[in-house]
Structures are given as C-alpha cells and as structure tokens.
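Here is a short briefing on one protein chain. Please keep the sequence and the model in view while reading.

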Amino acid sequence: RLLSGVGMKYATILPYLKQGDNVLDLCAGSGLGSSILAQSGLKVTAVDYFTEVLEFRAGISILNINLKHEKLPFKNDFDAVTFVDAIEHFEEDMQNNLLGQTYKALKPEGILMIDTPMAKQTGFKSKHHIRELTWDDFGSLVKKHFKIIKRYQNRYHGDTFPVLTSHELN
C-alpha cells in the first residue's frame, strides 16, 4: 500500500513532463519517488539531509542539504519540483520560506507537485510533524507563491492531497 500510495503521488506529475525534463525532488527520503521519476526518463536531483540511502539509487544526482539551515542553490533550473509528505516537518515561517525557494528554483512555467497529510485544524498533531495544515491553510500557503492548477484526492492518497501548481502567481 505504501509503494502504491507513493507511486500514485509521484505519478500525478508525470503527464505534465516530457522525457529529459529536470526535476528537483525535495526531502527525497529513501529516494523511492526519485527513482520513479528517473525511471520515467526524467533527470532527477534528489535533496535531503540524510543521503546515505539515496546513494544506492542509480541515475539520480544527490545533494545533501539540510533545508532547516541551508538555502537551495538554484535559480530557474528545474522544469518541476516534487515536495511529497515533507512540508509538515517545518515551522510555519520555514514552510513559507521553502515555497519561496522552490519558486526560485523553477523555470518560468515550471510546476510543483506538493502534498501533505491534512489536519482537521492547523497545528501540531503527529509526534513526527511540526505543523500539519488544514486544506484552507495549505491552500493559502501554496497560493502565496503558486497558482494551483489541480488538486487530487483518491483512495491511494488517504488524507493527503497532492496539488499541482504552476510557476505563475495567482
């Protein structure tokens, strides 16, 4: 179920990309999503602060960056960014900051696929999460930087809502 759920999340962005496009996978974790993207013919740069597991993934550029303390070193470099199950691990100011950095990393008209577990009310819920968001707060945060072009929810995603956005501001 985890594999199919992660696969479905990353698959939401594939119809919007073409072979050879550059994709930045933020908070890549084990690299499973990065692998799905790379196997689809995309050039993937995976970013995380714990990269030992990622080093075993073929065809992926790996950057060790602790996003809580370091900025992304990119400007207009990527056709797309994926940010899956991660924004809830940051404080409110950092969530906004990361979306601003993501916007800068994207090429004009690039897209972001972002998702997060939805909370009934914004705040701290899981012992692993710093700030979970309601749909209203998540949508407001994302709209500060991006135009939401599609929102997904299905049985594979459970209480998470992958969102595709465009580089254009609302």
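**Salt bridges and fold**

K107 and D79 form a salt bridge, with their closest N and O atoms 3.3 Å apart. This pair links distant parts of the chain: K107 sits in strand 5, D79 in strand 4 (residues 78-84), and 28 residues separate them. The model is predicted. The protein chain averages a pLDDT of 84.

**The K107–D79 pair**

- K107 counts as partly exposed, because its relative accessibility is 27%.
- D79 counts as buried, because its relative accessibility is 18% and the cut-off for buried is under 20%.

**Other salt bridges**

- Salt bridges that share partners join K9, D85 and D115 into one network.
- A search of the whole structure finds five salt bridges.
- One of them joins the side chains of D115 and K9, at 3.3 Å from N to O.
- D115 belongs to strand 5 and K9 to helix 1 (residues 2-11), so this pair ties together parts that are 106 residues apart in sequence.
- D115 has 0% relative accessibility and therefore counts as buried.
- K9 has 7% relative accessibility, so K9 counts as buried.
- The side chains of D21 and K18 also meet in a salt bridge, at 3.1 Å from N to O.
- D21 counts as buried, because its relative accessibility is 7%.
- K18 counts as exposed, because its relative accessibility is 56% and the cut-off for exposed is over 50%.

**Secondary structure**

- The protein chain has four helices and seven strands.
- Along the sequence they follow the pattern α-β-α-β-β-β-α-β-α-β-β.
- Helix 4 has buried residues at F138, G139, L141 and V142.
- Seen down the axis of helix 4, these buried residues fall within an arc of 160°, so they line one face of the helix.

- E132 lies in the loop between strand 5 (106-115) and helix 4 (135-143).
- E132 has a relative accessibility of 8%, so E132 counts as buried.
- The side chain of E132 makes a polar contact with the side chain of H129, at 2.5 Å.

**Burial, contacts and surface**

- The protein chain has 170 residues, and 50% of them count as buried.
- Among contacts in the protein chain with a separation of 6 or more, 58% come from residues 24 or more positions apart.
- The accessible surface of the protein chain comes to about 8700 Å².
- Carbon and sulfur atoms account for 50% of that surface.

**Confidence**

- In the protein chain, 84% of the residues score a pLDDT of at least 70.
- Confidence is highest in strand 1 (residues 22-26), at a mean of 97.
- Confidence is lowest in strand 7 (residues 163-166), at a mean of 66.
- Where pLDDT is low, the predicted coordinates should not be read in detail.

Technical notes:
Residues numbered from 1 in each chain as written. Predicted model: local features only at pLDDT ≥ 70, side-chain atom pairs only at ≥ 80, totals over all residues. Heavy atoms only, no water. Helix = DSSP H or I, 4+ residues; strand = E, 2+ residues; numbered from the N terminus. Buried < 20%, exposed > 50% of the residue type's maximum accessible area, 1.4 Å probe, protein only. Polar contact = N/O pair within 3.5 Å; in protein donor to acceptor, adjacent residues only side chain to side chain. pLDDT = per-residue confidence, 0-100. Contact = heavy atoms within 4.5 Å. Areas by Shrake-Rupley, 256 points an atom, 1.4 Å probe, with all protein chains shown as cover. Arc of directions from axis to C-beta. Salt bridge = Lys/Arg side-chain N within 4 Å of Asp/Glu carboxyl O.
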